[in-house]
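Could you look over this model with me before we build on it? My notes follow as numbered points.

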Amino acid sequence: MTSTRPGVPQAEGPAAPDEVTQEAREAEEALRRAREVVGLYGDPDVTWGISLEARFDTPVDLEGAPERLRRMAADHPHLGVVPVVERVASEAWATSREQSASHDFSDGRLVRVLASDDGRDVFVTAHHGVCDGLGLLSIVTAATGREVRSSARGVGDRTSSQSFLASSLLRLAEALATPPTRFSGCGDAEPGTPERLVQVRETSGRVNGALLCAALNDVHAEWPRRRTSGGRRFLVVMGASRREPGQSAPDRQTAYFRIPLKRGWSVDDVRSAMRAVEPEPAFPETSAKGVGPMITRALKNRLGYTVNVSNLGVVTGEGLVSMAMFPAVNGPQAVGVGLVTTGAGSTISLRTRRDDFNDDEVQRLLDLVVGRLERLRRSAAQ
């Protein structure tokens, strides 16, 4: 099975002009809806793509992928045009996955799927306006024919005690008075260059969200401060799910937590802060006729977070070896951190922009986080 590039559907023959027009209209409408979902808080200068990489111990069924993906898109029209699988040679895998994660969705193709030539690696990207991290698992299932499931628990019926308007005014005040601090770096590429995706598998023990956030907090305390470091408030934005346990449809049922951490906090301190914080109020699916993106663009150097953490929990599936999550990044000096645990251990991943951080800085950040995780685990065991 072959295709020319991500998102180009395989056609059995030339389509009639009215069919082409209808497909174009549907793609445009799907993109409009996706943008409206992130309209009031989405940085208009980023693509809002989220990605998931899965590795299996044996080749998956790619021959049946077109029909499974067609059924998925028919059942969930908000996904837009039916995605197809692009086969990628091993020597081009690293570059192709970064291009897929970073490319915009202006063509209306809201889901992209890559597969390695040997059929053991699959990489999916979706616009965050149509799908969340757990929803990506359903796309992997459709592409591979192997069901993958997460043990991640949702937020249940927890809601915010604040209205969206009250929360928005508070966030604007925080941005003006106490903007979050950043992991500042020295980029080595022009803006618009594909973002950098790196990962490491931790086989020495499982990593949970509190442990990872505590490690990031400690590493940031040692990270060199530069002019672009922002404020002094370490802020984690962490996604959560509003799904019932076991559900993983390719849609978006997301809640968000904003978790401020203090320097020197222990893992228990971080865990307590995570349990105490309320989910953010649900955002209206609108851009307020462009006012939302206008405000976001004007204040983007003071809005945002220190790190965006996405933890998919323990994921299982037939022959699944490892999985890496790459959340969207927005705002200056943005750092996205993914965490997925399989039977072989936990995979920690980083997503950064090349115009924010160079290769050495990203590798150093990943090494420091892994090293700090090991020290925190040893301390907890004593």
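1. In this predicted model, β3 and strand β4 (residues 121–127) are paired in the antiparallel sense, with five bridges between them, and V113 has V124 as its bridge partner in β4.

2. These strands belong to an open sheet of five strands with mixed pairing, whose order is β2-β3-β4-β1-β10. The edges are formed by β2 (85–88) and β10 (320–326), each of which pairs on one side only, and neighbouring strands are turned by 20 degrees against each other on average, direction ignored.

3. Helix α4 (residues 133–144) packs on this sheet, where it touches β1 (49–56), β3, β4 and β10, and its direction makes about 50 degrees with that of β1.

4. The largest nonpolar core comprises 43 residues, and V113 and V124 are among those with the most contacts inside it, as are L52, L136, I139, V315 and M323. Several elements supply at least two residues each, including α1 (17–37), α2 (65–75) and β9 (307–317), while α4 gives the largest share, seven residues. Leaving aside residues up to four places away in sequence, V113 touches, among others, P83, V122, F123, I139 and A143.

5. Another core, of 40 residues, lies apart from the largest one and has L211, L212, A214 and F234 among its members.

6. As to confidence, the chain averages a pLDDT of 86, with 88% of the residues scoring at least 70. Among the elements, strand β3 (residues 111–116) has the highest mean pLDDT (98) and helix α8 (residues 291–299) the lowest (64). Over residues 1–14 the pLDDT is below 50, although this stretch has 27 contacts in the model beyond near neighbours in sequence.

Methods:
Residues are numbered from 1 along each chain as its sequence is written. This is a predicted model: local features need pLDDT of at least 70, side-chain atom pairs count only at pLDDT 80 or more; totals for chains, interfaces and linings use all residues. Side-chain values use heavy atoms; hydrogens and water are left out. pLDDT is the predictor's confidence in each residue, from 0 to 100. Helices (H or I, at least four residues) and strands (E, at least two) are DSSP runs, numbered from the N terminus. Contact means heavy atoms within 4.5 Å. Two strands pair if DSSP finds at least two bridges between them. Axes are lines fitted to C-alpha atoms, for helices over the stretch in contact, and angles run from 0 to 180 degrees between N-to-C directions. A nonpolar core is a set of buried Ala, Val, Leu, Ile, Met, Phe, Trp, Tyr and Cys residues joined through side-chain atoms within 4.5 Å. Buried means under 20% relative accessible area, exposed over 50%, partly exposed in between (1.4 Å probe, protein chains only).
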